[in-house]
Amino acid sequence: MKKVVLKLNDLSCPSCMSKIQKAVSQQPGVKDAVVMFNAGKVKAEVDEKLIAPEKLGSIVNQLGYQVEKIIVKEA
């Protein structure tokens, strides 16, 4: 498992937060996804055998939000 942090540029409202959290949480291999509205970050624990961290960034981008940076750390 890896810890993934997606730094977002344009998280502007609480409903946006819910939309992103739902989309990320539903991906296979994602555990404990949390969107931090005030910090503009998405934090998740992922199984890289099932989903690549870059794929999470792509999913968030497809929702219309810009991912500035993807940080991956050991869990």
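C13 is partly exposed, at a relative accessible area of 21%. Here buried means under 20% relative accessible area and exposed means over 50%, with partly exposed in between (1.4 Å probe, protein chains only). C16 is buried, at 7%. A search of the whole structure for disulfides, defined as pairs of cysteine sulfur atoms within 2.5 Å, returned 0.

The model is predicted; local features need pLDDT of at least 70, side-chain atom pairs count only at pLDDT 80 or more, and totals for chains, interfaces and linings use all residues. Residues are numbered from 1 along each chain as its sequence is written, and side-chain values use heavy atoms, with hydrogens and water left out.

Strand β1 spans residues 2–8. Helices (H or I, at least four residues) and strands (E, at least two) are DSSP runs, numbered from the N terminus. Of the 7 residues of β1, 5 are buried, so this strand is largely enclosed by the rest of the structure. Strands count as paired if DSSP finds at least two bridges between them. β1 and β3 are joined by 6 bridges and run antiparallel. Within this pairing, K3 has E45 of β3 as its bridge partner. β1 and β4 are also antiparallel, with 7 bridges between them. There, V4 stands opposite V72 of β4. In a regular strand the side chains alternate between the two faces of the sheet.

K2 lies in strand β1. K2 is buried, with a relative accessible area of 18%. Contact is defined as heavy atoms within 4.5 Å. Not counting residues up to four places away in sequence, K2 touches A44, E45, V46, E48, V72, K73, E74 and A75.

Side chains of opposite charge can pair when their charged atoms come close. A salt bridge requires a side-chain nitrogen of Lys or Arg within 4 Å of a carboxyl oxygen of Asp or Glu. The structure holds 2 salt bridges. One joins the side chains of K2 and E48, at 3.9 Å from N to O. E48 sits in the loop between β3 (41–46) and α2 (53–62) and K2 in β1, so the pair ties together parts that are 46 residues apart in sequence. E48 is partly exposed, at 39% relative accessibility. K2 also forms a salt bridge with E74, the closest N and O atoms being 2.3 Å apart. This pair links distant parts of the chain, with E74 in strand β4 and K2 in strand β1, 72 residues apart. E74 is exposed, with a relative accessible area of 59%. The side chains of K2 and E74 also make a polar contact of 2.3 Å. Such a contact is a pair of N or O atoms within 3.5 Å; within protein, one atom must be able to donate a hydrogen and the other to accept it, and residues adjacent in sequence count only if both atoms are side-chain atoms.

Strand β4 covers residues 67–74 and includes I71. I71 is partly exposed, at a relative accessible area of 31%. Leaving aside neighbours within four places in sequence, I71 is in contact with K3, V4 and V5. I71 and V30 are 41 residues apart in sequence and 15 Å apart in space, C-alpha to C-alpha.

In soluble globular proteins, nonpolar side chains tend to be buried together. A nonpolar core is a set of buried Ala, Val, Leu, Ile, Met, Phe, Trp, Tyr and Cys residues joined through side-chain atoms within 4.5 Å. The largest such core has 20 residues, of which L6, L8, I20, V24, V30, L56 and V60 touch the most other members. Elements giving two or more residues to this core are β1, α1 (14–25), β2 (30–36), β3 and α2. The largest share, 4 residues, comes from α1. L56 is in contact with V4, L6, V24, Q27, V30, V46 and I51, leaving aside neighbours within four places in sequence.

D32 has a positive phi of about 55° although it is not a glycine. Most residues other than glycine have a negative phi, and most peptide bonds are trans. D32 is exposed, at 55% relative accessibility.
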